[in-house]
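Have the structure open as you read.

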Amino acid sequence: MAWRGRAQRGWGCGQAWAVLVDGRSCEELTAALAPQRLLGRRFNFFIQQKCGFRKAPRKVEPRRSDTGTSGEAYRRSALIPPVEETVFYPSPYPIRSLIKPLFFTVGFTGCAFGSAAIWQYESLKSRVQSYFDGIKADWLDSIRPQKGGDFRKEINKWWNNLSDGQRTVTGIIAANVLVFCLWRVPSLQRTMIRYFTSNPASKVLCSPMLLSTFSHFSLFHMAANMYVLWSFSSSIVNILGQEQFMALYLSAGVISNFVSYVGKVATGRYGPSLGASGAIMTVLAAVCTKIPEGRLAIIFLPMFTFTAGNALKAIIAMDTAGMILGWKFFDHAAHLGGALFGIWYVTYGHELIWKNREPLVKIWHEIRTNGPKKGGGSK
């Protein structure tokens, strides 16, 4: 077949294109042009040494987040940062990509509850000293001249009026606000997507399972989550205590993200996820399971109230339907994983995990009481 007057671009690398003009072969074309030495040796550079076409090797590009139906669905959600230029690398063996996250989930959960047990020991040990320090401070304030308009005193007064649960979640809310501000820095976008969004197709798998729990790209998303956390903080801390609540919250964030990983690998719908919804669902489910007759209301519709038990059933049903039907606006797998973990923990996990912390506390008590033994000289 003759190619008339046009060369196909994209083939050949380092040599000239092979062209058949007016039905003549490469050798005939070379012989016809040989007498014309107007350009000398430089003209021969444009004559290919071999007949035929040679196709350039095809580059294998990593899968991008905006390819396929899953990428399109995630781009439509205003809660997810723009990831059109972000490259993800889904594993050819998806099940293997869950091994490291599984070990990280188990290890982090154990460390969280172990640290909470030690924290509670130290808190109880210093409570008596804090009590006497508080009495002394109150006595000094009573005899010390009061300063008018003392801003620090007003802050302390506001802080002391908060419940234990509200004081506990204040640090969590501050961390979420800080990460939200970091999302607004253009030069940090790639770093934020890499470490503050969880995705089983990302090169970094484990640390985002925790960091994404404090990450929100949308102001509405963050405000809604923090409002729910603030609303349930007093109840959950009264049920579990400050130390056990922190262990539960942090573990819930990692566990809900692992369930999200499993859901994405099972369906093949990869995409970034972020937000505290999974951990907050654990808190909400724990409170609703423990106090099923409590009355709840929606912030925008305060006139309609319903029981906590019915609210939990509705949330689980909605997230289950979202997983089955493939809804993408929320990460329904993470929501469902967090809710089921909260129900399991207040029903069975508290007895299995927290009440069996005594051996660890005894070891820590021995270390704190005796300390490292000093070696003595031989007698």
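The buried residues of α5 are covered by, among others, α6 (189-195), α8 (219-240) and α9 (242-267), with contact meaning heavy atoms within 4.5 Å. Helices here are DSSP runs of H or I with at least four residues, strands are E runs of at least two, and both are numbered from the N terminus. On α5 itself, the buried set is G165, Q166, T168, V169, I172, N176, V179, F180 and W183; buried is under 20% relative accessible area with a 1.4 Å probe, protein chains only.

This is a predicted model, where local features need pLDDT of at least 70 and side-chain atom pairs count only at pLDDT 80 or more, while totals for chains, interfaces and linings use all residues. Residues are numbered from 1 along each chain as its sequence is written, and side-chain values use heavy atoms, leaving out hydrogens and water.

## The shape of α5

α5 runs over residues 164-183, 20 residues in total, and spans 30 Å from first C-alpha to last, close to the expected 28 Å (1.5 Å times one less than the number of residues). There's a kink of about 25° centred on T170, the bend being the angle between axes fitted to the seven residues ending there and the seven starting there.

## The largest pocket

The largest pocket has a volume of about 1200 Å³. Of its 34 lining residues, A224, V228, L284, I298 and I315 are the closest to the centre. On a 1 Å grid over the protein atoms alone, a pocket is an open set of points with protein on both sides within 12 Å along at least five of seven lines, a cavity is a set where a 1.4 Å probe fits but cannot get out, and lining residues have an atom within 4 Å of a point. Points are joined across faces, edges and corners, and volume is the space filled by probe spheres set on them.

α8 gives the largest share of the pocket lining, 10 residues. The lining divides into 25 nonpolar, eight polar and one charged, counting Ala, Val, Leu, Ile, Met, Phe, Trp, Tyr, Cys and Pro as nonpolar, Asp, Glu, Lys and Arg as charged, and the others, Gly among them, as polar.

## The largest cavity

There are three cavities of 30 Å³ or more, and the largest cavity holds about 230 Å³. It has 22 lining residues, with S273, L274, G275, D331 and H335 nearest its centre. That lining splits into 10 nonpolar, 10 polar and two charged.

Terms used: Buried < 20%, exposed > 50% of the residue type's maximum accessible area, 1.4 Å probe, protein only.
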